[in-house]
Every structure is written in structure tokens, then in C-alpha cells.
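I opened this one up to see what could be read off it. These are my notes, in the order I looked things up.

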Amino acid sequence: YTAVELTQHAGVPHVDVCAMGADVDLFTAAQPNPGLRALMLAAAGGSVSSLLLLYAGRVSPEKQLAKLVDAVARLVTRPGVPDVRLV
């Protein structure tokens, strides 16, 4: 939408659109990367049995990251939930 607005209504001659989101072929459970997991576990202070939760995105107010932190804090206090680490 914005590219069309810029080219047709604002006179911008050339606009490139960059797709947003994560590369689902790279970040897939179907092709685990033990080395990457080990690095993230070490950085997060986890163990091999830890569950890693990954946030990929900008750190900006509209992302409301405080809610993510609160959700993880509530999750780790639930019975039966394994060790959880937010990366």
C-alpha cells in the first residue's frame, strides 16, 4: 500500500519493498542447529533441558516487550513447566 502511495501520489520514482518477518526456512524446528542452540543456552544461562523462547523484532514501545517479559515470568511459575529462557 505504502509503495503504491509513494509512487503514484507522492511522485517517488522508485520504491523497493522489503519483506518483513523471520526466515521460516532458516528458523525451523525441522532443521535444528545444535551449535546455535548451545550458544543461546550459554548466553541465557540455561541447560540442555531448558526451553528456549526466542523474540525476534525491534525493541520499541509499540512492541510492548514488557508484556512478553511478564508472560514469561508467569509461565515459569506454573507447575510442570520446564526451565524457560527468553532469548
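**Entry 1: Arg74 and helix α3**

I started at Arg74, which sits in helix α3. Helices here are DSSP runs of H or I with at least four residues, strands are runs of E with at least two, and both are numbered from the N terminus. Before going on, I noted that this is a predicted model, where local features need pLDDT of at least 70, side-chain atom pairs count only at pLDDT 80 or more, and totals for chains, interfaces and linings use all residues. Residues are numbered from 1 along each chain as its sequence is written, and side-chain values use heavy atoms, with hydrogens and water left out.

Is Arg74 buried or exposed? Arg74 is exposed, at 66% relative accessible area. The cut-offs are under 20% for buried and over 50% for exposed, with partly exposed in between (1.4 Å probe, protein chains only). I also checked Arg74 against Leu86, twelve residues apart along the chain: their C-alpha atoms are separated by 13 Å.

Val76 lies in helix α3 too. Val76 counts as partly exposed, with 40% relative accessibility. From Val76 to Ala3 I got 43 Å, C-alpha to C-alpha, for 73 residues of sequence.

**Entry 2: the whole chain**

Next I stepped back to the chain. I find three helices and two strands, and from the N terminus the order is α-α-β-α-β. The C-alpha trace spans about 55 × 30 × 20 Å along its principal axes.

What is the radius of gyration of the chain? The value is 19 Å, while a compact globule of 87 residues would have one near 12 Å. That radius is taken over C-alpha atoms, and the globule rule is 2.2 Å times the number of residues to the power 0.38.

Buried residues make up 7% of the 87. The accessible surface is about 7200 Å², and 62% of that belongs to carbon and sulfur atoms. Those areas come from the Shrake-Rupley method with a 1.4 Å probe, and for residues only the protein chains shown count as cover.

I looked at contacts as well (heavy atoms within 4.5 Å). Of those between residues at least 6 apart in sequence, 46% join residues at least 24 apart.

**Entry 3: charges and salt bridges**

I have 7 positive and 7 negative side chains in the chain, and the centres of the two sets lie 14 Å apart. Lys and Arg count as positive, Asp and Glu as negative, and His and the chain ends are not counted. Each charge is placed at NZ of Lys, CZ of Arg, CG of Asp or CD of Glu.

Side chains of opposite charge can pair when their charged atoms come close. How many salt bridges does the structure hold? I get two, taking a salt bridge as a side-chain nitrogen of Lys or Arg within 4 Å of a carboxyl oxygen of Asp or Glu.

- Arg58 pairs with Glu62, with the closest N and O atoms 2.1 Å apart. Arg58 is partly exposed at 47%, and Glu62 is exposed at 52%.
- Asp83 pairs with Arg85, with the closest N and O atoms 3.1 Å apart. Asp83 is partly exposed at 32%, and Arg85 is partly exposed at 25%.

**Entry 4: Gln64**

Gln64 sits in the loop between β1 (51–53) and α3 (65–76). Gln64 is partly exposed, with 41% relative accessibility.

Ala42 is in helix α2, residues 34–44. Ala42 is exposed, at 62% relative accessible area.

Where does Val48 lie? Val48 is in the loop between α2 and β1. Val48 is exposed, with a relative accessible area of 77%. Leaving out residues up to four places away in sequence, Val48 touches Arg37 and Leu41. Val48 and Ala3 are 45 residues apart along the chain, and their C-alpha atoms are separated by 45 Å.
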